[in-house]
Amino acid sequence: MADIAARNPAGHPTQQRSGLHKLMQRKSTIAFLMALPLILLITILVAYPAGYAVYLATLNKGMTRFVGFGNFEFLFGRDTFWLVVYQSCLFAITAVIFKAIIGFVVAHFVHNIPAKGQRKWRGMLLVPWVIPPAMSTLAWLWLFDPSYSALNWLLAIFGIEGIPWTGEAGWARFSVILVNVWIGSPFFMIMYLAALKSVPEQLYEAASIDGATWWQRIWYVTLPMMRNIIAITALFSLIVTFANFDIVRVLTAGGPLNSTHIFGTWAFRVGIEGGDIPLGAAVSLFMVPILAVAATFILRDITKRGSEV
Amino acid sequence: MANTAVATGASTRPNYGSMSRDRTWALRWSYFFLVLFAIFFLMPPIYMLITSLKTSAEISAAKNPWFISNPTLQNYIDLLSQNQFLVFFRNSAIVSICVVIITMMISVIAAFALARMKFWGSATLATGVFLTYLIPETLLFIPLFKMFAWVNEVFGVQLMNHWWTMIILYPTLTVPFATWIMIGYFASIPKELDEAALIDGATWMQTLTKIFIPVALPGIIAATIFTFTVAWAQFLYPLAFTTSTSELVLPVGIITTLIKGDVFNWGQIMTGALLGAAPPLIIYAFLMDYYIAGLTAGATKG
């Protein structure tokens, strides 16, 4: 846009100057008006509530009195809170690592097969990502059913005894991570597949002429070329996984004995179901530090790439 | 992309014998593992389908759960003749379609302004849009809950427990992403195109509707599909803000009404879940390439 502004006055130096000035003014006004619905939406329904959450967290249960850090102090003194912190980190970090690994591996397999078959496989493997998570988690809940578990039936063929998928704390933690990995790894697969396709084939040829093994090719060619997309996908997924709600809510609702609660579900339990809105707001605010760190890294990467272009 | 594929295809095949044998084995292993992963990824939806075709008696019988001995459509008939389920479906459909329309109107116009008509603070706003996309709904539902109570007190408008409230809320989840995708698509359109239009005397609105929207149509389709999928699947907001059965959207409706206490009618639950998953799946089946393009555009463009 700057080009036109610079070029136009050079072409018609005298007659258009004031007209151009007006146009520029009009342009930015029009542009602002065009972006106004977006600005209003973001301000009223995202930025304001986010700030309001901070204020709410400093009130007492009846929201009549300012208690400062009272809610936070109360949380720090409760075992359940520390359990939630532990589980949230365990859940998000483990799930993202497994999603990244499975996504990377599957992307490689899809990339290996002939190009005309890739579309079909890719389409099939992305299905978990397309189904609404609440609906697919219901299917998992049924697969995990204590008395009719179809998974345990399959395991019984191999002589493995019935697993209490959602009934016992350790297994329940495993199950919520498993479902999250199931839903999320297709996304990684698609992102990594797109990245794999952008690695120039000549690099691999050069590497194999130099006698590189497949492992060396991955380590010295693929991974460095994909570093950016791997990082950004993982950070992105970390945010989404950390703030997850649907899976835990439907699969275990936080149980057994609060062992699978993460920040989102516990905030819901405390704030909406328990009627203590300020405490719920305080719980959900604990997501902010991790979200902020991940967001900073993502933004840095994006602005870096923006300036390269 | 096509060039490199052609070039390697031509160079690898005739030259190296051992390499092509390696390739055959790599191919076999790839197919083997792909089948394994496909089983893992498709097992839950297939099991949904299997269960939905069974009678309650068969579901509770102690035999192979992966096999259907008397397939029946009774669950589908029961569910689709229930008024309640149709209400959920209607609520979800209206909400999703309205959200798609609102989202696309807001985001296409705003993305155009942000990508092409730089104004004071537009760069900051573009970053802000991306940041909002990163703010999860789990952070916002509690303050929104309180804000709704406040709106009711001050303006006398009850936002709680109405399905149409979702039409106001969902755009917060969809607009930032749709705008972000559209900024990426618009930025990739050559500047000469709109400069030419402007010199020919087109207004900004004409430039948008006559040039940008047709050229960026794949992006618009991708953003539309994405918006629809998000709106259809959203679970937390309706769970927090609606309670009466007539006001529920499909995902919440299935979970809260079909699960009654400890009684699980799994045949109907799976049927409902499958029907709830159907619209996004059908759209995906037909427009897969746009869907995938939009998914990768979110992170690779911009």
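**Close-up views of a predicted two-chain model**

Chain B of this predicted model has an average pLDDT of 84, and 90% of its residues score at least 70. The pLDDT is below 50 over residues 1–16 of chain B, a stretch that makes 8 contacts in the model beyond near neighbours in sequence. For the model, ipTM is 0.85 and pTM is 0.85.

**View 1. Chain B as a whole.** Chain B is built from 16 helices and 2 strands. Its radius of gyration is 25 Å, whereas the globule rule gives 19 Å for 302 residues, so chain B is more spread out than a compact globule. Along the principal axes, the C-alpha atoms of chain B fill a box of roughly 80 × 70 × 30 Å. Of the 302 residues, 44% count as buried. Among contacts in chain B between residues at least 6 apart in sequence, 76% link residues at least 24 apart.

**View 2. Chain A as a whole.** Chain A has 15 helices and 0 strands. Buried residues account for 41% of its 309 residues. Among contacts in chain A between residues at least 6 apart in sequence, 66% link residues at least 24 apart.

**View 3. The contact between chain A and chain B.** On the chain A side, 81 residues are in contact with 82 residues of chain B. Helix H2 of chain A, residues 17–56, gives the most to the chain A side, with 19 residues. By class, the side of chain A that touches chain B holds 67 nonpolar, 9 polar and 5 charged residues.

**View 4. The largest nonpolar core.** This core has 171 residues, and the members that touch the most others are Leu138(A), Phe112(B), Met182(B) and Ala273(B). In chain A, domain 1 (2–56) and domain 2 (79–308) both give residues to the core, so the core lies between them. In soluble globular proteins, nonpolar side chains tend to be buried together. Leaving aside residues up to four places away in sequence, Ala273(B) touches Met135(A), Leu138(A) and Ala139(A) of chain A, and Met48(B) and Ile254(B) of chain B.

**View 5. Val99(B) and its surroundings.** Val99(B) sits in helix H5 of chain B, which covers residues 83–116. With 25 other C-beta atoms within 10 Å, Val99(B) is above the cut-off of 20 and is therefore buried. Not counting residues up to four places away in sequence, Val99(B) touches Ile167(B), Tyr170(B), Pro171(B), Thr174(B), Thr227(B) and Ala231(B). Gln74(B) is 25 residues from Val99(B) in sequence, and their C-alpha atoms are 33 Å apart in space.

**View 6. Helix H14 of chain B.** The buried residues of H14(B) are Leu250(B), Pro251(B), Val252(B), Gly253(B), Ile254(B), Ile255(B) and Leu258(B). One of them, Ile254(B), is touched by Ala273(B).

**View 7. Helix H14 of chain A.** In chain A, helix H14 runs over residues 277–285 and is mostly covered, with 9 of its 9 residues buried. These residues are Ile277(A), Pro278(A), Leu279(A), Gly280(A), Ala281(A), Ala282(A), Val283(A), Ser284(A) and Leu285(A).

**View 8. The loop holding Ser198(A).** Ser198(A) is in the loop that joins helix H9 (169–197) to helix H10 (201–209) of chain A. Ser198(A) has 11 other C-beta atoms within 10 Å, and 12 or fewer counts as exposed, so this residue is exposed. In sequence, Ser198(A) and Met225(A) are 27 residues apart; in space, their C-alpha atoms are 8.7 Å apart.

**View 9. Positive phi angles in a loop of chain A.** Ala253(A) lies in the loop between helix H12 (246–251) and helix H13 (263–273) of chain A. Although Ala253(A) is not a glycine, it has a positive phi of about 50 degrees. Ala253(A) has 15 C-beta neighbours inside 10 Å and counts as partly exposed. Leu257(A) is also placed in the loop between H12 and H13 of chain A. Leu257(A), not a glycine, has a positive phi of about 50 degrees. With 11 other C-beta atoms within 10 Å, Leu257(A) is exposed.

How values were computed
Residues numbered from 1 in each chain as written. Chains lettered and ligands numbered in written order. Core = buried A, V, L, I, M, F, W, Y, C linked by C-beta atoms within 7 Å. Domains from an automatic or database assignment. Contact = placed C-beta atoms within 7 Å. Helix = DSSP H or I, 4+ residues; strand = E, 2+ residues; numbered from the N terminus. Rg over C-alpha atoms; globule rule 2.2 N^0.38 Å. Nonpolar A, V, L, I, M, F, W, Y, C, P; charged D, E, K, R; others polar. pLDDT = per-residue confidence, 0-100.
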